[in-house]
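Student: I have a model open and would like to go through it. Can we start with the loops?

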Amino acid sequence: MSTIRYTEASVRVPTTTGARTILHPLTLELTESSVALIGANGSGKSTIARLVNGLVEPTSGTVEVDGLDVVRQGAAVRRKVGFVFTDPAAQLVMPTAGEDIALSLRRTHPDKHERLAAAERVLADHGLEGFGERSVHGLSGGERQLLALAGVLATGPDVVVADEPTTLLDLANSRRVGDLLMSLPQQLVLVTHDLELAARCERALVVADGRIVHDGSAAEAVERYRSIA
Amino acid sequence: MTSHASALLGAYVPGRSWLHRLPAGAKLLGLFAAGLVTMLWRGPAASVAVLVVAVAVFTSTGASWRLTLRGLRGLAITLALLAAFHAWQNGPGRAVEIVGDLLALILLATALTVTTPVQDLIDAIVLGLRPLERLGLRTEPIALAFSLMIRAIPSTLLIAEETRDAAIARGLQRDPRARLTPLVIRVVRRARETGDALHARGIGDD
């Protein structure tokens, strides 16, 4: 597993009256195979997740993945870290499923025909066989999120960060995506409101007001979150 | 995505028409040439002639007219306003010319996108721009921007439909602020989300 290290990492955003702290200085090391981040909306859990691949840069302190600084060595970090967003419609940037997977494969498969063939294999591996020429608009919510996840996994990341990946899905698709995430060989950092899914992680952090207020086993963390929610 | 939002400048629809078989570069050049013709061949009769050709070309692709016409409904207000303005300012002949040219180019562009996978369009653009690489131009970001533009059209139309529905649900269908303000905010937000997604996927890191 990779080592994700936050060292006094904080995030502040400018406001009309000065600055607002989104994340108070955080020192933390994540080495477990799966780590859940749970907490109320606006608590700062997505910020902690977005720091991992430089989508958010720390105002002070550092964040490293396997010793690579997410700001100074951002490109190398993004090759190691895949990110799954809440709304796959924003994540899928190409018109068809096959083309979107092919976009992820452009570095590893320079030849167009090989790339499209590899994209079909990736789709088949994730239960989306024959979807290559389907418009991403025509897919169901669950299919879109599976496609977004397949696009991330196609790049061969060491770490997958998923920011509320099941929030927009119905129960069946939520289970399908959740099961796939929990079965990944990659290290998983999961932001979620699904406490059942969080409870399946090896470690869980409860976030409130930009601070980690509990860090421990998932079962304990879920109990703690229920007590403060 | 509602069907009519995705129909305009729609996604690729596999088929075996002559336009499907034509190379993407030739189709792009054809669209460019059509644009030139509409600029250089003036007058309402010329516009009607180009529109007839565009209708014939689009019909030959086998794409759904029903879905395309539903998609065009979103542009009907713009076209009607344009026609009214030009009829008032420059006479009905000019109105026919402007609207006819626009409709013809929209149909031809739709014929291009429904018969050509975006990857083929990107490859054709990269090939066309390749001579400029000697001057230090990076062609891949330009090609990607082109495909993102095509992708953004149905997404933006969907947001416009949702915003309109929300305004109607609140009884504010006649208030342009209730329709335009959330539309602009959501389109900008979607653009930022797409930027984040591209960033997260390492696009631009190469």
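**Loops, core and interface**

Tutor: Asp209(A) sits in the loop between β9 (203–208) and β10 (211–216) of chain A; helices (H or I, at least four residues) and strands (E, at least two) are DSSP runs, numbered from the N terminus. This is a predicted model, where local features need pLDDT of at least 70, side-chain atom pairs count only at pLDDT 80 or more, and totals for chains, interfaces and linings use all residues. Residues are numbered from 1 along each chain as its sequence is written, and chains are lettered from A and ligands numbered from 1 in the order in which they are written.

Student: What is the phi of Asp209(A)?

Tutor: Asp209(A) is not a glycine, yet its phi is positive, about 50°.

Student: And why does Asp209(A) count as partly exposed?

Tutor: Because 14 other C-beta atoms lie within 10 Å of Asp209(A). A residue is buried if 20 or more other C-beta atoms lie within 10 Å of its own, exposed if 12 or fewer, and partly exposed in between, with C-beta atoms placed from the backbone.

Student: Where is Glu164(A), and is it buried or exposed?

Tutor: Glu164(A) lies in the loop between β7 (159–163) and α7 (171–182) of chain A. Glu164(A) is buried, because 20 other C-beta atoms are within 10 Å. Its phi is also positive, near 50°, in a residue other than glycine.

Student: Switching topic: how many residues has the largest nonpolar core?

Tutor: The largest nonpolar core has 98 residues, and Val52(A), Ala150(A) and Ala204(A) have the most contacts inside it. Such a core is a set of buried Ala, Val, Leu, Ile, Met, Phe, Trp, Tyr and Cys residues joined through C-beta atoms within 7 Å.

Student: Which helix gives the most to this core?

Tutor: Helix α6 (residues 141–153) of chain A, with seven residues. This core also draws at least three residues from each of domain 1 (1–116) and domain 2 (117–206) of chain B; the bounds come from an automatic or database domain assignment.

Student: How far apart are the centres of those two domains of chain B?

Tutor: 21 Å, taken over C-alpha atoms.

Student: Now the interface. How many residues of chain A are in contact with chain B?

Tutor: 22 residues of chain A are in contact with 25 residues of chain B, where contact puts C-beta atoms, placed from the backbone, within 7 Å. On the side of chain A that touches chain B, α2 (74–80), α3 (88–91) and α4 (97–104) of chain A each supply at least two residues.

Technical notes
Two residues are in contact if their C-beta atoms, placed from the backbone, lie within 7 Å.
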